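Trainee: Before I use words such as cavity, pocket or salt bridge, I would like to check them one by one against the model.
Mentor: Then let us look at it together.

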Amino acid sequence: MMTVLKMTKRSGIRFFAAAALCLVLSGCSRAESTEASKEEPERFLLTMETFTDGSAMDLAGETAAAVINNTVPGAHVQVSVSKGSPINAVNVENGSVDLALVQADTAWEAYYGKGAFEGEPKEGLRVLAACYPVLSAWTAKKDSGLIWVHDLKGKTAASGTEGSITDRMSRLAFSVMGISEENTALEPLGLEEGAEWTAEGWVQAAHSFAQVPNPGIPGADASGAEWIFLSYTEEELEAILNAAPWLYRGQLPAGILAGQEEAADTFGMKILLCASADMEEELAYEIAMAMDVNGPVYAGGHAFMSAMLEEEFLCQDLPIPLHDGARRYYEECGYLTEEQDGTAK
């Protein structure tokens, strides 16, 4: 099986690790005969759960499956859709499936027995790699005069449909800024409606908490208007991150919106490739290596997975522990020190 190696932004240690892995796992040592070296590695099946067909999580799962299939000798990942992160966390922790994509908030609640998992912690849940983020993105017209999220105080904003994660993250962010329904008009609009109302000038900005880029986020309206992402201050981000341990500090890249020339500081949560702590350590090591070395190659077709280009994104600021095998790989590559475990502090 041929392994495609990505060398940009990846140091030499990964090249030699990948090469050594292929040699060891395929049984091709210099002492073996030429005939033996031609033998195909033993095939084995891994099952993976994602989310609804065609969703960002499903596309990310299919991408991770392709990475594993084409990097880990003998592996074949069978992907199936599911009803979402909570059932995925349960199924992967109890061994019903081998791999699953799980949102960071759900992973944290499951591992620590909070929320829907109250009193029933899933302590065997582990992370192999982070696949992509969902980010807080406040979008406004460039000529609105807005720069910071706190500039929305006293104005009108589309904060997300009531009870949605976008709505909850709007309220969390506003809570550290002194913004509330008493001093600001919050419209319970979804992503597409919020974008439309912002374009028409009925609200000054619209919030999304989703993958970026996202087709629902406006880039320019029919009039050719330019747009920006509003930023959070350092102090605001610190307060928001302290309020929810499953969040992490992120950034909205420049150039996503027409007219947006600078990146915007924000927060978000990671979508995680998870396994059970019972997964064999060497297999977890191999999958982590695959996601590091080849993940960015296969994720190249999905702009929302571009964060995989950053080595620390894979294994730092996680809500729950890494699998021992994955952590060993990241430590060997220098992404983590022996004192770190990858979880957010």
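Trainee: How many cavities of 30 Å³ or more are counted here?
Mentor: In this predicted model, the count comes to 1 cavity of 30 Å³ or more, and the space in the largest cavity is about 30 Å³.

Trainee: Why is it called a cavity, and which residues line the largest cavity?
Mentor: A cavity is a set of points where a 1.4 Å probe fits but cannot get out. Its lining is made by Thr139, Leu191, Ala195, Ala206, Gly216, Ile217 and Pro218, and each of these counts as lining because it has an atom within 4 Å of a point.

Trainee: What, then, makes the other space a pocket?
Mentor: A pocket is an open set of points with protein on both sides within 12 Å along at least five of seven lines. The largest pocket holds about 410 Å³ of space and is lined by 22 residues, with Pro133, Tyr248, Gln251, Ala307 and Glu310 lying nearest its centre. Two or more lining residues come from each of β4 (125-141), β9 (248-252) and α11 (311-315), and β9 gives the largest share, 5 residues.

Trainee: How do you know that Lys142 and Glu261 form a salt bridge?
Mentor: The cut-off is 4 Å between a side-chain nitrogen of Lys or Arg and a carboxyl oxygen of Asp or Glu. The closest N and O atoms of Lys142 and Glu261 are 3.5 Å apart, so the pair qualifies as a salt bridge. Lys142 lies in the loop between β4 and β5 (156-158) and Glu261 in the loop between β9 and β10 (264-276), so the pair ties together parts that are 119 residues apart in sequence. The count for the model comes to 10 salt bridges.

How values were computed
Residues numbered from 1 in each chain as written. Predicted model: local features only at pLDDT ≥ 70, side-chain atom pairs only at ≥ 80, totals over all residues. Heavy atoms only, no water. Points joined across faces, edges and corners; volume = space filled by probe spheres on them. Helix = DSSP H or I, 4+ residues; strand = E, 2+ residues; numbered from the N terminus.
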